[in-house]
Amino acid sequence: MSDAASTEFEALLRRALTPVEPPAELGARLEETLTSISLAAAEELESWELSAMRDPRNWARPAAAVLAGTAAGVALVVLRTKQRSKQRRRASKNVVDLAERTLHDALNEARRLWP
Amino acid sequence: MVDPDTAEKAAVDAQFAELYRQHLRDVYSYAYYRVGDHHDAEDLTEQTFLQAYRHFPRALEESGGRPLRPWLIRIAHNLAANHYRDRSRRPQTHIDESTVLPATHTTEDLVEGRDELKRILAGVQQLPDDRREALIMRFALGMDNREIARAMGRTDGATKVLLHRAIKQLEGIVDAKAKGGDR
């Protein structure tokens, strides 16, 4: 087979083996796993003995747990907001409308994580 | 003062969320073309990310800043191999073309080249495992030789030869099918 034919075959191969979009349910399930990262940090806070909180030397640990939960939560807000970007683009009338929808989506996600 | 371990974990979790966002489609595409079935591909993708999460901190340390996609695909490859060993079965021979081709190709593509694309997809499934995987990584995931070599644990040179032979063998299979009228 000539080089040109070989290149043409590779182009066909690229079209045949096109990337496959994962089902939305799969993304949702995996997101739950990531959310559990955030929840694990929150549980660490809840299980902290209230009596220990009277001693200021013990305040660093729960504060760090809040920080961990917040950082993981921020990652999730970004993740979920980006995942809906295609839907927003389709629904938007123009760039300003798209920006408003993106902000609205991000705020809704933030409210879900930090009610 | 912030507990350094907890703060570090939060940073690692955020990096993992980014890795997941960037490569969910890659892992799912690899899994789908590897096992030929959406249900098994979902399971394989989920297990890949769960296992990746467990070993992510070490992988980050050892990567030296290199991309982690080959590492993710290698996890998927190992899990798929275990899957077949446990169930004593080979990959599905028929990719569900109805769910792949119409959803990802233009109407013109479908009219002009659908039969040829079908023959190619069927031919890919007939290749030996290592050649099939190399083609999936190159053409479905767009990985370069170096990335494929890392994912497959081979040298760059051996990977180049593997890809060349895979394409030649597939061309032969597709030609034979076309001449034989898809018998």
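**Which residues have the most contacts inside the largest nonpolar core?**

A note before the views: this is a predicted model, where local features need pLDDT of at least 70, side-chain atom pairs count only at pLDDT 80 or more, and totals for chains, interfaces and linings use all residues. Residues are numbered from 1 along each chain as its sequence is written, chains are lettered from A and ligands numbered from 1 in the order in which they are written, and side-chain values use heavy atoms, with hydrogens and water left out.

**View 1. The largest nonpolar core.** The residues with the most contacts inside this core are A:Leu13, A:Leu17, B:Trp71, B:Ile120, B:Leu135 and B:Leu170, and the core has 57 residues. Helix H1 of chain B, residues 4-35, gives the largest share, 12 residues. A nonpolar core here is a set of buried Ala, Val, Leu, Ile, Met, Phe, Trp, Tyr and Cys residues joined through side-chain atoms within 4.5 Å. Buried means under 20% relative accessible area, exposed over 50%, and partly exposed in between (1.4 Å probe, protein chains only). In soluble globular proteins, nonpolar side chains tend to be buried together.

**View 2. Around B:Leu135.** Setting aside its neighbours within four places in sequence, B:Leu135 is in contact (heavy atoms within 4.5 Å) with A:Leu13 and A:Leu17 from chain A. In chain B, B:Leu135 meets B:Leu127, B:Ala140, B:Leu163, B:Ala166, B:Ile167 and B:Leu170.

**View 3. B:Phe56 on helix H2 of chain B.** Here's B:Phe56, found in helix H2, and buried, with a relative accessible area of 2%. Not counting residues up to four places away in sequence, B:Phe56 touches B:Val12, B:Gln15, B:Phe16, B:Leu19, B:Leu68 and B:Trp71. B:Asp13 sits 43 residues from B:Phe56 in sequence, yet their C-alpha atoms are 9.0 Å apart.

**View 4. The second largest pocket.** This one has a volume of about 360 Å³ and a lining of 14 residues, with B:Ala59, B:Glu62, B:Trp71, B:Arg74 and B:Arg150 nearest its centre. H2(B) brings the largest share of the lining, 6 residues; helix H2 (38-63) and helix H3 (69-87) of chain B each supply at least two. Sorted by class, the lining has 5 nonpolar, 4 polar and 5 charged residues. Ala, Val, Leu, Ile, Met, Phe, Trp, Tyr, Cys and Pro count as nonpolar, Asp, Glu, Lys and Arg as charged, and the others, Gly among them, as polar. On a 1 Å grid over the protein atoms alone, a pocket is an open set of points where a 1.4 Å probe fits, with protein on both sides within 12 Å along at least five of seven lines, and lining residues have an atom within 4 Å of a point. Grid points are joined across faces, edges and corners, and the volume is the space filled by probe spheres set on them.

**View 5. Helix H7 of chain B and what follows.** In H7 (residues 145-152), B:Glu147, B:Ile148, B:Ala149, B:Ala151 and B:Met152 are buried. Just after H7(B) comes B:Gly153, with a positive phi of about 65°.

**View 6. The two chains.** Chain B has 8 helices and 0 strands, while chain A has 5 helices and 0 strands; helices (H or I, at least four residues) and strands (E, at least two) are DSSP runs, numbered from the N terminus. Of the 183 residues of chain B, 46% count as buried; for the 115 of chain A, 34% do.
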